[in-house]
Amino acid sequence: MRFCKFSLQVSMFEKSVSKMKLNDLMKATGDFTKENIIGTVHSGTMYKATLPDGSFLAIKRLQDTQHSESQFTSEMSTLGSARQRNLVPLLGYCIAKKERLLVYKYMPKGSLYDQLHHGGSDREALAWPLRLKIAIGAGKGLAWLHHSCNPRILHRNISSKCILLDDDYEPKISDFGLARLMNPIDTHLSTFVNGEFGDLGYVAPEYTHTLVATPKGDVYSFGVVLLELVTGEVPTRVSKAPENFKGSLVDWITYLSNNSILQDAVDKSMIGKDNDAELLQVLKVACSCVLSAPKERPTMFEVYQLLRAVGEKYHFSAADDELALRPQDADSKKLDELIVAK
């Protein structure tokens with residue numbers, strides 16, 4: 001396949017994941033130059049790729065895996081079939097000796113982590129309604145993976161770095177399913193990428209002794225993302241906590257909740273703009289997600305429904321794009337036990 005045909009072939013990837021050649025991807029990324037790196041996570045490094053027509057793609061160069069070519073191709077078929085509005089679509093892949101490359105749509109606004117924590121002019125754009133839109137969309141995508149995707153997929157490394165944003169700040173979850181792909185010893189409740197638990201601050205407390213990923217572990221990690229959206233703080237440290245406080249964002253939230261001063265956690269830039277009630281509602285949903293006991297946490301279906309209820313007046317959720325979930329997909333805890341009064 002000559003490079004000049006690359007962009008033509010990409011246009012056909014939406015309906016099926018296609019195999020691509022290493023030379024084409026190397027040219028598009030400038031031989032994987034450092035200047036084209038747009039993100040690094042446990043599973044590998046993401047590069048910006050420029051096509052001859054001036055459009056862009058994102059290429060993920062995976063860490064070395066132990067999967068055979070047939071196993072890798074099978075996983076690509078599974079991940080490539082996962083199509084939902086709030087997932088970054090996998091467009092293609094490449095296998096060349098030890099190289100394993102994935103081709104994704106390019107998300108021009110970068111990651112939610114960068115938007116929240118790296119400052120700059122884009123930071124002002126993340127007013128509360130926009131943050132709520134991101135929370136609802138990302139919650140929908142993760143709930144779809146847990147409840148509607150066939151086979152169902154655990155993300156296992158959810159974080160604000162894995163939530164990418166398009167031109168309209170529509171959130172797209174990336175890296176779903178890659179933890180299983182990167183793990184040579186796999187079960188339906190697999191462990192973690194290269195023996196690591198995931199990004200610090202997002203890991204469910206039970207993982208340190210069970211070493212097993214579960215849906216409720218994903219819920220915990222997503223709860224931390226919700227805390228980031230409401231507080232503006234990074235998961236590993238809290239800038240507005242007292243100097244003698246050395247805990248994580250979840251530790252700080254737990255402390256505030258136990259002392260009935262949870263409202264102190266809200267990002268001050270969003271207070272007093274007629275959104276205080278919504279901020280506290282989402283904060284309480286987040287708190288339910290990061291409870292230490294997995295059984296006490298809601299399912300992702302419940303989390304999405306709760307967030308959707310909070311943002312109902314904004315009409316973020318398109319009627320034709322709702323989750324096709326059966327009532328039995330939710331666990332025994334009733335939704336009305338979690339709904340926060342307005």
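Reply: Let's start with Leu132, which is buried because its relative accessibility is 0%; buried means under 20% relative accessible area and exposed over 50%, with partly exposed in between (1.4 Å probe, protein chains only). Keep in mind that this is a predicted model, where local features need pLDDT of at least 70 and side-chain atom pairs count only at pLDDT 80 or more, while totals for chains, interfaces and linings use all residues. Residues are numbered from 1 along each chain as its sequence is written, and side-chain values use heavy atoms, with hydrogens and water left out.

Me: Which helix does Leu132 lie in, and what does Leu132 touch?

Reply: Helices (H or I, at least four residues) and strands (E, at least two) are DSSP runs, numbered from the N terminus. Leu132 sits in helix H5, residues 128-147. Contact means heavy atoms within 4.5 Å, and, not counting residues up to four places away in sequence, Leu132 touches Glu278, Val282, Val310, Gly311, Tyr314 and Phe316. Gly311 is 179 residues apart from Leu132 along the chain, yet their C-alpha atoms are separated by 6.9 Å.

Me: Is Glu278 buried or exposed?

Reply: Glu278, in helix H10 (residues 276-289), counts as buried because its relative accessible area is 9%. A polar contact is a pair of N or O atoms within 3.5 Å; within protein, one must be able to donate a hydrogen and the other to accept it, and residues adjacent in sequence count only if both atoms are side-chain atoms. Here the side chains of Glu278 and Tyr314 make one of 2.9 Å.

Me: How should I read backbone angles?

Reply: Most residues other than glycine have a negative phi, and most peptide bonds are trans. In this model, Phe32 has a positive phi, near 55°, and Ser260 also has a positive one, about 55°.

Me: Where do Phe32 and Ser260 lie, and is each buried or exposed?

Reply: Phe32 is in the loop between helix H2 (22-28) and E2, and it counts as buried because its relative accessibility is 8%. Ser260 is in the loop between helix H9 (249-258) and H10, and it is exposed because its relative accessible area is 63%.

Me: Which residues does a cis peptide bond join?

Reply: Asn150 and Pro151, with omega about 0°. Look for Pro151 in the loop between H5 and strand E7 (163-165).
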